[in-house]
Amino acid sequence: MSDTEYTEEQYEEMFEEIDRLFPDAKFGISTTFLPILDELLTDKKQIFISNSRNCYCWDGIDVPKQEFFEIKGEKITYKYLLNELIRLDFNPECNHNYLEIIDKVSDIQYSLFLGS
Ligand SMILES: [Zn+2]
């Protein structure tokens with residue numbers, strides 16, 4: 001992602017744009033996704049997204065350390081993926097609920113990186 005510097009006003013507009021595009025998201029979405037929303041994440045029609053619960057919030061709590069989401073679609077763009085995560089009710093439920101990066105693990109698996 002680019003190192004472009006934005007003014008405070010531009011940042012505010014970008015946050016508002018995220019809110020407008022994804023009003024039902026139960027997680028934060030980094031504004032760095034805005035310029036690439038319509039780009040294909042993959043040309044595959046089916047992928048898996050994993051989220052690791054490996055932060056301190058889950059220390060000593062008995063939950064699966066990873067959760068998986070199956071994403072299917074003709075065109076899996078970043079926007080499509082984010083909307084599917086929202087539709088599948090993705091909710092990090094910890095202090096780290098701000099989606100910053102989507103990492104490629106393999107051709108059909110991607111992992112989410114969430115910050116606070
Ligand atoms: Zn956490």
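The loop between helix H2 (78-87) and strand E6 (98-106) holds Asp-89; helices (H or I, at least four residues) and strands (E, at least two) are DSSP runs, numbered from the N terminus. The structure is a predicted model, in which local features need pLDDT of at least 70 and side-chain atom pairs count only at pLDDT 80 or more, while totals for chains, interfaces and linings use all residues. Residues are numbered from 1 along each chain as its sequence is written.

Asp-89 is not a glycine, yet its phi is positive, at about 65°. Glu-93 sits in the loop between H2 and E6 as well, and its phi is also positive, near 50°, in a residue other than glycine. For context, most residues other than glycine have a negative phi. As for surroundings, Asp-89 counts as exposed because it has 9 C-beta neighbours inside 10 Å, whereas Glu-93 counts as partly exposed because it has 13 C-beta neighbours inside 10 Å. Here, a residue is buried if 20 or more other C-beta atoms lie within 10 Å of its own, exposed if 12 or fewer, and partly exposed in between, with C-beta atoms placed from the backbone.

Turning to the sheet, strand E6 belongs to an open, mixed arrangement of five strands in the order E1-E6-E7-E3-E4. At its edges lie strand E1 (28-29) and strand E4 (66-72), each of which pairs on one side only. Two strands pair if DSSP finds at least two bridges between them. Strand E3 (residues 46-52) and strand E7 (residues 109-115) run parallel and are joined by three bridges. Phe-48 has Gln-109 as its bridge partner in E7.
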